[in-house]
Amino acid sequence: MSSYTPSSRAARVAANDGDDLHFCSTCTFSSVCSERGYDKSRLRDLHVLVEHIGPFREGQHIFREGDRFNSIAGVRAGTVKTYITDRNGREQVLGFFLPGEVIGLNAISQSRYPCNAIALDEVLLCNFSFSKMSELAASMPGLQQQLFRLMSEDIGKATLLAGDHTADERMAAFLILMSRRYASPDMPARRFRLTMPRTDIANFLRLAAETVSRILKRFQTDGLVRVERRDVELLDTTRLMEIASNVLRN
Amino acid sequence: MHARKEHCILPRMTTTPVFDAELLRRHPQYGPRYTSYPTAPQFHEAFGERELRLHAERSNADLIPRPISLYVHVPYCFSPCFYCGCNRIITRDLQKGEFYLERLLREISMVAPLFARDREVMQVHFGGGTPNFLSPTQLGQILDSMGRHFHFSDSPTRDFSIEIDPRHVSPGDIAKLAQLGLNRASLGVQDFNPDVQQAVNRVQSIEQTLAVIDACHDSGMRSVNVDLIYGLPQQTLEGFAETLATIIKAQPGRLAIYGYAHMPSLFRAQKQISEEQLPDTEMRLALLALAVERLTGAGYQYIGMDHFALPDDDLAIAQTAGSLQRNFMGYTTHAACDLVGLGVSAISHIDESYSQNPRDLAGWEVALDEGRLPVFRGMSLDFDDTLRADIIQQLMCQAEIDIEEIERRYEIDFNSYFSGARERLAKLVEDGLVEITATHIVATSKGRYLLRIIAMCFDNYLTSPNSHGDSPRFSKAV
């Protein structure tokens, strides 16, 4: 079946996969390792397991809550959603992971994954054996720092929308944050495609799906954004930032 | 970025169309009418219920899901009009309508849950066949059920329309239909000339017709459309001129002038029409020219393809604003909807897909009785399909293509992507139908009456090895 709409084809193309001597273009660890003179062949020498896995199809689970934790994974292409199911059987979306971002970090303190991860479209991953990575980090302060930074960002993401914020504030903050995360040199973040369905965004923001659409319609009428299917263009970032300021301050 | 974009802000059609019979004569090709692209012959049976459900789910996933447009097909007619190429069943047995209604209600209850509840229905259209084969009460039951299962918009711009055979409806019925919320009516007239009416087996008096038009206006319907046909057997310039004068006096907001397509191998009823009685190409052109002259002379604005509207009609306003759209129901101001087709042979356009219900009554009935969604064929549109659909839509509605807008929206280099189309367009440029600038491809005032020939340059399925161009599968372009 065809993908649903054609624009921003570049966004769907897998990241530059690198080769034996170079990292993938999306790799979050590439700069810290490169700076220290480690290229991929060197890492292999160090017996760090770096393994490309996937593709995962839309709707396929990458790991499930309770699975043994042994690796973290960088997203090379596609979007991953993490979620838990509450006692009433209701799904609760915890977050979305875009190319260049790392999943599994919230499992580091435990031996099992505390949530499910599912592919929202075709997903390619790069698996890092966590134990090997920890060993390497001990002798590579840059890598250690990068890990800490990723972990704190991850925690930040999860708590960001937990505060007592209005629906408008949440929506505006979500758009601002997503535009930052979608930013890349060859794709201006003023325009980006939200690869997650409306219901997942609503669930993540703890809003009703109708509310997400209603707010976006109003934002559109007010000239803040332009929405076309899943594509968003931010027309007035300043005003969006104002609306989101209560959320983003944290 | 797709054919049904919500905000279609394009340069307005500024040129007045010029009818050039000599040019039309030189392009007597067959061509699709582009109520969809790709056209229905591209649909295939590998597309089924599962695919339809996936596309529906995807359509709900949009940030602001599209509104919904509902089409209801009523296949029954009391008698056969010989020119007809529609999917219909001739009967006088009203009981059949009751059985059909039952299954329609079942289909509505099965299809509605595919769509998120907050998606508003902006358009309802009853087509046929003869929708008024069903009584106002029966039509009311359908509307009731749709209103319960879907979320009807209460916007004043919603369009709830019905095709009406004036021979089988009373002014009282029209008032009842208006009370049901139907605010637009489309009346089949074709030609008032008795010889023509006899030859096509549709005898319909002027009085009867005008009474229905008046009833529509009196009951507060927002607009009335009248269908006329040129190229019918026994048609003369004098007779057609009288028909045009009579209709213009009744001032319907919209008028469609269709060219009769004689394809008896496809449409059995047309075998009743003797070819000798058909006007030749010269005569067809003269009849069309006459219609164009009389209608524009009476203040009607040419919308595109076969359609005209008074300047204060929503269609004319939308065209001037650049927000006109085109779908299976013709020109509309609501094509940015997902179209859900109900009833035998009905076509849906959901997300980037087309799908069609079985064209035979038995196939449709069996599917519903077995609890399956009655889809028998369709197709998913890929990148190329979507891009070309958008271009053809722009051509049909705005008579021009905004090259830069297409390049921005689809991230392509227009000239290299469409080098083949550019080659085909060259001939039309020579003929003065098209002008090409660095930023736009524009149908000239002469080209405005040959939009489908311009659109055909962009049809990727016409140029493929198993080309179906120049074959009588499609109706004549003129």
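What percentage of the 250 residues in chain A is buried? Buried residues make up 37% of them, a residue being buried when 20 or more other C-beta atoms, placed from the backbone, lie within 10 Å of its own, exposed when 12 or fewer do, and partly exposed in between.

## Model and conventions

This is a predicted model, in which local features need pLDDT of at least 70 and side-chain atom pairs count only at pLDDT 80 or more, while totals for chains, interfaces and linings use all residues. Residues are numbered from 1 along each chain as its sequence is written, and chains are lettered from A and ligands numbered from 1 in the order in which they are written.

## Chain A

Chain A contains nine helices and 11 strands; these are DSSP runs numbered from the N terminus, with helices being H or I of at least four residues and strands E of at least two. Of its contacts with a separation of 6 or more, 70% are between residues 24 or more positions apart. A contact means that two C-beta atoms, placed from the backbone, lie within 7 Å.

The average pLDDT of chain A is 81, and 77% of the residues score at least 70; pLDDT is the predictor's confidence in each residue, from 0 to 100. Residues 1–15 of chain A have a pLDDT below 50, although this stretch has 41 contacts in the model beyond near neighbours in sequence. Where pLDDT is low, the predicted coordinates should not be read in detail.

## Arg57(A)

Arg57(A) sits in the loop that links β1 (50–56) to β2 (61–63) of chain A. Arg57(A) has 11 other C-beta atoms within 10 Å and is therefore exposed. Not counting residues up to four places away in sequence, Arg57(A) touches Ala119(A) and Glu122(A).

## Chain B

Chain B has 16 helices and 20 strands. Its radius of gyration, taken over C-alpha atoms, is 21 Å, close to the 23 Å given by the globule rule for 478 residues, so chain B is as compact as a globular protein of that length. The rule is 2.2 Å times the number of residues to the power 0.38. Along the principal axes, the C-alpha atoms of chain B fill a box of roughly 60 × 55 × 40 Å.

Buried residues account for 50% of the 478 residues in chain B. Among its contacts between residues at least 6 apart in sequence, 75% join residues at least 24 apart. An automatic or database domain assignment divides chain B into domain 1 (1–36 + 382–464) and domain 2 (37–341). The C-alpha centres of these domains of chain B lie 26 Å apart.

## Helix α5 of chain B

In α5 (residues 171–179) of chain B, the buried residues include Ile174(B), Leu177(B) and Ala178(B). They lie on the same side of α5(B), because the arc they cover around the axis is only 100°, taken from the directions from the helix axis to the C-beta atoms. Gly172(B) and Gln179(B) are exposed on the face turned away from that buried side.

The buried residues of α5(B) pack against α4 (136–149), β6 (159–164) and α7 (206–218) of chain B. Gly181(B), with a positive phi near 105°, follows α5(B).

## Nonpolar core

The largest nonpolar core has 185 residues, and those with the most contacts inside it are Leu175(A), Leu70(B), Leu395(B) and Ile454(B). Such a core is a set of buried Ala, Val, Leu, Ile, Met, Phe, Trp, Tyr and Cys residues joined through C-beta atoms within 7 Å. Helix α6 (residues 167–182) of chain A gives the most to this core, with eight residues.

Beyond its neighbours within four places in sequence, Ile454(B) is in contact with residues including Leu395(B), Leu428(B) and Val434(B).
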